[in-house]
Amino acid sequence: MQIGFVRAALVLGLLAAVGPFAIDLYLPATPQIVRDLNTDDAGAHMTFTVYFIAFGLAQLIYGPIADSLGRRPPIFVGLVVFIAGSVICAMATDISMLTLGRFVQALGAAAPMVIVRAVVRDLHTGMQATRLMALVMLVISISPLLAPLTGSFIISLASWRMIFGALALIALLAMVLTALRLPETLPADRRSPINATALLRSTVYLMKDARFLGLTMIGGFALASFFVFIASAPMVYMTQYALTPTEFSLVFAVNAVGFFAASQFAAGLGQKYGMGRVAFWAVCGFAAATSTLFALVWLGLDDLPVLMAMLFLGNSCLGLVIAPTMVMALEEHGEHAGMASSLGGTFQMVAGGLMILICSPFFDRTALPLVGAVAACAFIAFVLALLTLRPQPEGNAPA
């Protein structure tokens with residue numbers, strides 16, 4: 001079933017924003033949570049690691065279910081689970097209970113994210129899919145722009161626990177939106193029953209596709225750079241640079257603007273130059289910006305304006321990587337769209353969670369470990385881009 005382009009972008013973007021909102025709304029409260037729950041930075045980082053890994057692994061479940069039962073039912077199930085996780089977080093008495101709640105939240109939040117990608121593939125392919133994905137990302141951009149400010153406002157009036165009450169309300173509104181505005185996009189005659197043999201066959205088929213894996217992990221390590229930034233930025237900005245929660249939220253929003261603004265040019269540039277070429281040079285720009293920033297901070301030039309400017313530049317390049325690689329990874333797998341979406345999402349989110357886990361011992365509330373971790377992710381994405389997307393002689397460039 002076809003639905004209007006703008007309507008699809010709004011509905012899908014708002015649904016997909018539930019998971020990111022659960023991350024970004026929580027950021028300004030991180031120092032308070034560390035104090036109130038008598039934990040340390042490693043404990044706070046673990047709530048992010050667990051969230052990202054659970055978010056990724058759960059997508060392996062929702063993709064096949066969406067291919068079998070349709071796109072709408074798993075969204076409702078996921079949002080109910082997300083609300084349950086939010087309640088656990090709000091009632092947490094220690095960091096272990098909060099981590100459990102974040103785990104449950106992530107299990108639920110994975111449903112809208114993975115199914116949104118499959119719905120985009122149901123509705124469009126090629127440049128139209130890239131255009132729709134870019135518009136979805138524009139809607140998702142309300143999360144890093146408004147969520148930290150909203151979180152700051154909430155903790156200025158009440159306990160950080162109210163943040164999780166707000167997240168439960170957002171999930172409830174998303175359920176209403178799905179019920180009223182999102183028709184089923186997978187007809188009954190295109191659905192495939194769930195069986196272990198078919199899932200294994202589909203997984204093996206995708207795992208043998210080097211291009212699918214390469215594109216997925218380019219996007220995965222590009223996103224991982226953002227995840228390690230998210231996990232450590234509150235402590236760095238509010239300690240080394242002595243920002244208030246509101247000031248941190250504004251700085252965080254500025255850093256995110258470049259990403260989402262650039263993503264709106266992905267479809268047009270892809271149509272003119274080829275999506276593969278655009279993604280390749282964007283990865284090169286991202287790696288160059290982040291490695292330069294690491295060198296500057298290593299030399300002691302770690303002033304906040306320097307950090308903001310170089311991250312803005314790097315994130316602008318990043319905005320031209322995510323949508324094209326996501327669309328290209330799914331492009332040739334229409335019959336496996338749900339599984340490809342869930343498997344790709346799993347790899348990407350687990351990569352982000354593992355990078356936080358690996359880098360966490362080095363985070364010391366200063367900028368150097370933060371930008372070093374971001375630069376490391378960018379370097380890995382660059383190497384993968386060389387193997388997967390390096391422009392070929394004229395006429396053979398990747399589409």
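Student: How many Å does helix H7 reach from its first C-alpha to its last?

Tutor: Before the answer, note that this is a predicted model, in which local features need pLDDT of at least 70 and side-chain atom pairs count only at pLDDT 80 or more, while totals for chains, interfaces and linings use all residues. Residues are numbered from 1 along each chain as its sequence is written, and side-chain values use heavy atoms, with hydrogens and water left out. Helices are DSSP runs (H or I, at least four residues) numbered from the N terminus, and the expected span of a helix is 1.5 Å times one less than its number of residues. Helix H7, residues 126-140, has 15 residues and is expected to span 21 Å, and the reach from its first C-alpha to its last is close to that, at 21 Å.

Student: How far apart are the end C-alpha atoms of helix H9, and why does that agree with its 21 residues?

Tutor: Helix H9 runs over residues 161-181, and at 1.5 Å a residue its 21 residues should span 30 Å.

Student: Which residues of the largest nonpolar core touch the most other members?

Tutor: A nonpolar core is a set of buried Ala, Val, Leu, Ile, Met, Phe, Trp, Tyr and Cys residues joined through side-chain atoms within 4.5 Å. The largest one has 136 residues, and its largest share, 18 residues, comes from helix H11, residues 210-239. Leu98, leaving aside its neighbours within four places in sequence, is in contact with Tyr26, Ile33, Leu37, Thr47, Cys89, Ala92, Trp160 and Phe164. The members of this core that touch the most others are Phe48, Leu98 and Tyr237.

Student: Is Phe227 buried or exposed, and which residues does it touch?

Tutor: Phe227 has its place in helix H11, and its relative accessible area of 7% is why it counts as buried. Phe227 and Met349 are 122 residues apart in sequence, with 9.0 Å between them in space, C-alpha to C-alpha. Not counting residues up to four places away in sequence, Phe227 touches Phe52, Gln348, Met349, Gly352 and Ile356.

Student: Which residues is Val350 in contact with?

Tutor: Val350 is found in helix H17, residues 337-359. Val350 and Thr49 are 301 residues apart in sequence and 8.6 Å apart in space, C-alpha to C-alpha. With neighbours within four places in sequence left aside, Val350 is in contact with Phe52, Ile53 and Leu57.

Student: How many aromatic pairs are there, and which residues form one aromatic cluster?

Tutor: Rings of Phe, Tyr and Trp (its six-membered ring) pair if their centres lie within 6.5 Å; planes under 30 degrees apart count as stacked, over 60 as edge-to-face and the rest as tilted. The count by this rule is 16 aromatic pairs, and among them Phe280 and Trp281 are edge-to-face, at 5.1 Å centre to centre with 80° between the planes. One aromatic cluster is formed by Phe226, Phe229, Tyr237, Tyr241, Phe248, Phe252 and Phe259.

Student: What is the phi of Asn38, and is Asn38 buried or exposed?

Tutor: Most residues other than glycine have a negative phi. Asn38, in the loop between helix H3 (30-36) and H4, has a positive phi of about 55° although it is not a glycine. With a relative accessible area of 72%, Asn38 is exposed.

How values were computed
Helix = DSSP H or I, 4+ residues; strand = E, 2+ residues; numbered from the N terminus. Buried < 20%, exposed > 50% of the residue type's maximum accessible area, 1.4 Å probe, protein only. Contact = heavy atoms within 4.5 Å.
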